[in-house]
Amino acid sequence: MRTPGIVTVAAHLPFLDVVAQRWCDRVQNDPEKIGSGTLILPGRRAAAALSEAFLRHTDGRATLLPDIRAITALDEAVTALRNPGALSLPPAVSPLRRQAVLTRLVLQVGESFGTRQTLDQAWPLAGELASLMDEAEWAGVDLARVLPDVVEDHLAQHWQVTLKFLRIVTEIWPEWLKEEGLVNPVARQVALLRAQETAGTGVPDEDPVWAVGFTDAMPATVSALRGVLKHPNGKIICPAIDFSLSDESFSSLPESHPQAGLSRLLADLDAGRGDVERWDEGQGSVPPSRADLISRVMLPAGDLSDWADRPGKAEIDGIWKISAQDQQEEAASIAMAIRGVLQTPGKRVALVTPDRGLAARVAAELARWDIAANDSAGIPLTRAPAAVLLRLLAQNADNGTEPVTLLSLLKHPLTACGLSPGNCRASARLAEREILRGPAPPPGIDGLRRHRLKKLEQKALRLGKTEEKDESFSADLPWRATPVDDFLDRLEKCLEPLFSCCGKTVPVSDLLRALLETAENICTTDEESGAERLWRGEDGEALAQVMSELLVTTDILPDQPVAVLDGLLTAVLSEQRVAVPRALPGETLHALHPRVSIWGLTESRLQNSDVLILGGLSEGVWPEAADPGPWLSRPMRKNAGLPSPERATGQAAHDFTSMFCAAPEVILSCPARRENAPAIPARWLVRMEAFLKGRGQVLQEHPVTDWIRQIDAGDRAPVPVSPPQARPPVRKRPRSLNITDIEVLLKDPYAIYAKYVLGLRRLQDISEDADASDFGNIVHNSLERWFSEYGNSLPADARSSLSGVLTKVLNDAGLRPALAAFWRPRMMEIASFVAGTEVERRREKGVPVAVYSEVRGNVLIPHLPAGDFHLRGRADRVDISRDGSFILHDYKTGSVPSQENVRTGWNPQMPLEAAMIRRGGFSGVSSVKDEVTISEMLYWSLTGDPRSERVSSATGDNVSPDEISEEIWEKIIRILAIYDHPASVYLSVPHPGREPRFADYALLARVPEWSSGNSGGED
């Protein structure tokens, strides 16, 4: 005999529309009677969706709707009229207050779990513990009673320790609730739901009450549903109970099966499928064969013989598949499919996915076409602009204004520091150029000031009396930057409340107050207060509410350092969600498109659309990996009577099958790769493809992926671009170059064009690591000091003397201690090699008449086609020997040029220095006789590795330095003359295989786009 009141709606019919229609048909669509009665749904979103279904059914006519509510929002006052005990229930503890208390308990465990927990680590663990307590409340499990028996002796000691902690919690926590006069939130909901069975629903007997859309239920919810069935006009309406399964299979389904929840629900209500009334009449847009297809695909293992017993073709019209290569292509393809649907007037489309990253990427792709999707799941509060600002402040306080973190803060849209936002941004860019690019400064604002002074001193030493033209201010226009010192003063004042907490432990509530005060300081503009800007909008209001409650609830936590603040904010705010803003500050506001939705799994339940795209169908995403949580293992959960983790997999499977039958057109999407690794398709997708393959069928590929690839490829084959052809006017071409620039001119003329014609300079990296050039500078500066003082009269202990100079220069460089310690032994090896080699050379060849270090020179080259040309240079060291000849020394802390490259002119530095000396280009270097002769050109290999240290001739012993220098000089004059002609081109890397070792302008010249690869040969 059929149990009165249990109903199911066929899978191919729009569930909520059928419910709305049946409700209205009950009163012959009388608008005055439709509003009588109550409909109870599993959640608030489902209740809102049912309201929309009523509006569709009444075609928008003015109608008084019935009372539509979520089951957790049943009227407590009405329940109390029939069960006065409901009013005596204590209030529920605030979730944040509960988590703070549980966090304190976790912190008190100390090192029982292997390491001492910090606050930011303990907070998520407390959240998992709260979830375990809620799960036990819903399941009707008394943890205090069952926990002593859940750990078997053979389990690891870790679980014994965990059980001991959980027993403490089950004893201490109830006592704390009793003292505070509170109860757990779920315990209070459970008590109210159970009261519904004995007190009734609170709905008059003559009015109907329907429970709609329940697919599974915990014991407390089952009690409330029993109360609905006891009502004279009560009904429970379930979606899509599968009648094709055998009774034996239906009653013993695995928990991962989509019908497992409905099977449990009917059993808990003491009903069977024979007791259920079917609402399967009506015309739906989805063919009935769709439900049969998915039912057969999802058959449990014991019933799979059906696949062979019924081998006919499956009806797969309207079912598509997207086979994208990766996550980005999947998002672009889905966005293209959505745009295609919108070409049909009135047609609705929705993306359903638990992957929030995919949802965000699809929304970004849709924005290319000014389509603003309604993402009902929102975003984590941690991604809201105001929350990002709070986290950046916490990170800066923790790491001492590390450059990347500080720049992220200074360039945040809300940062103003009392200036207009534009002026603040310009000041931040100026500070970036003057302080934050290059080696990282010391921590703190004072460290930034000292670092700036050091860079100014280095700049002054580098430039001498000359001024360096700086046009970088144009990047700040149309705003004018505040002077760096003034900007640092402003910033220091803004950050002072939070930074004053650094280096000590303070109450968490004081940390949070300092953080909020600092945030309001830094958001203040010249026209608005920081509070107005920080807490504006839906995300600002949500953040303000959470932070206000957090301030009150964290007073019981132990004192903490600033270092935990970022982790605490992340843990707290990631649990909150907020509506997606339709536009960021300064962007164009687009109205949400009425026909495009993005739903998570919870939001999609009981919904339907014209086209549904089921995205992210890969294992670990949809379905998620079944995780028992950190507190109890699978066997322990089973012994305690808690639901298994696979129950969530069954709910995800039900969501999939429901959405599969909820639209005439369904698109299934799974990328081939996720997170740079092969993706495993969802088990349901694998089952469907296996089912169809046995019938010689495949899911039809949706063409959007090909469309996306065609858009990227264009309408013709790719044509390699040509190298840049820079032909500036001759008057714009440089009339003065350094010797080192000559080598660049030979190997990469475009770099000369970019540097001297366009006036472009490469910016240093942020937090730039010390590299080979810094090592070389230390060695060169040390040798310059030492030879300037002891040029032709070395001290008695030359090695010790040079070691002292190298040590002092290394210490003055301000390197990271670890790097300085790494380089120091190499410096001492260099000192030993140079001192020993120099003593030996002087013993063999005599003491030089004069030694010149780091000497600058300039030679005029007249009569070039465009006029005179100046060649500048600086020699590492020039010695004048006793016979009056010159010896050139070049220190190399890296690789040494080959003699062949020197002789052929590809490394012309030393030959050009020799030619400049022969022409009197180094004014401070004078000869002892009229004729200038270069006797030697020597490379000193100073790597700090004894195996590679040596002094070698640049040209070879049998080659005259004078002849080579003159030959290279004439060659360079011919090349300079070529570039004085208007038709000459400054090519980028004209000789593959000979490009400079450090090419600062390669990306500007777009070398990777036109280069087919280097030949690697010698020209």
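Predicted model: local features only at pLDDT ≥ 70, side-chain atom pairs only at ≥ 80, totals over all residues.
Residues are numbered from 1 along each chain as its sequence is written, and side-chain values rest on heavy atoms, with hydrogens and water left out.

Helices (H or I, at least four residues) and strands (E, at least two) are DSSP runs numbered from the N terminus, and two strands are taken to pair if DSSP finds at least two bridges between them. An open sheet is built from six strands in the order 3-2-4-5-1-6, with parallel pairing. Helix 9 (residues 219–230) lies across strand 1, strand 2 (38–41), strand 4 (209–212) and strand 5, at about 125° to strand 5; contact here means heavy atoms within 4.5 Å.

Strand 14 (residues 665–669) pairs with two strands considered here. Strand 7 (residues 319–322) runs parallel to strand 14 over four bridges, with Trp-320 opposite Ile-667. Strand 13 (residues 611–614) is likewise joined to strand 14 by four bridges in parallel, and Val-611 is the bridge partner of Glu-665. Four of the five residues of strand 14 are buried, so the strand is largely enclosed by the rest of the structure. Buried denotes under 20% relative accessible area, exposed over 50%, and partly exposed the range in between (1.4 Å probe, protein chains only).

Helix 17 (residues 403–410) is also largely enclosed by the rest of the structure, because six of its eight residues are buried. These are Pro-403, Thr-405, Leu-406, Leu-407, Leu-409 and Leu-410. The N-terminal end of helix 17 is capped by Glu-402, which places a side-chain oxygen 3.2 Å from the backbone nitrogen of Val-404.

Individual residues differ in their surroundings. Thr-955, in the loop between strand 23 (950–953) and helix 37 (961–978), counts as buried because its relative accessibility is 2%. Setting aside residues up to four places away in sequence, Thr-955 touches Gln-899, Val-902, Arg-903, Met-937 and Ile-964. Arg-339, in helix 14 (residues 327–342), is partly exposed at a relative accessible area of 34%. Beyond its neighbours within four places in sequence, Arg-339 is in contact with Trp-369 and Ile-371. The C-alpha atoms of Arg-339 and Val-596 are 9.2 Å apart, although 257 residues separate them along the chain.

A cavity is a set of points, on a 1 Å grid over the protein atoms alone, where a 1.4 Å probe fits but cannot get out; lining residues have an atom within 4 Å of a point. Grid points are joined across faces, edges and corners, and volume is the space filled by probe spheres set on the points. Three cavities of 30 Å³ or more were found. The largest cavity holds about 80 Å³ of space, and its lining includes Arg-733, Phe-869 and Tyr-986.

Technical notes:
Axes fitted to C-alpha atoms, helices over the stretch in contact; angles between N-to-C directions. Polar contact = N/O pair within 3.5 Å; in protein donor to acceptor, adjacent residues only side chain to side chain. 1 Å grid on protein atoms, 1.4 Å probe; cavity = no way out; pocket = protein on both sides within 12 Å on 5 of 7 lines; lining within 4 Å.
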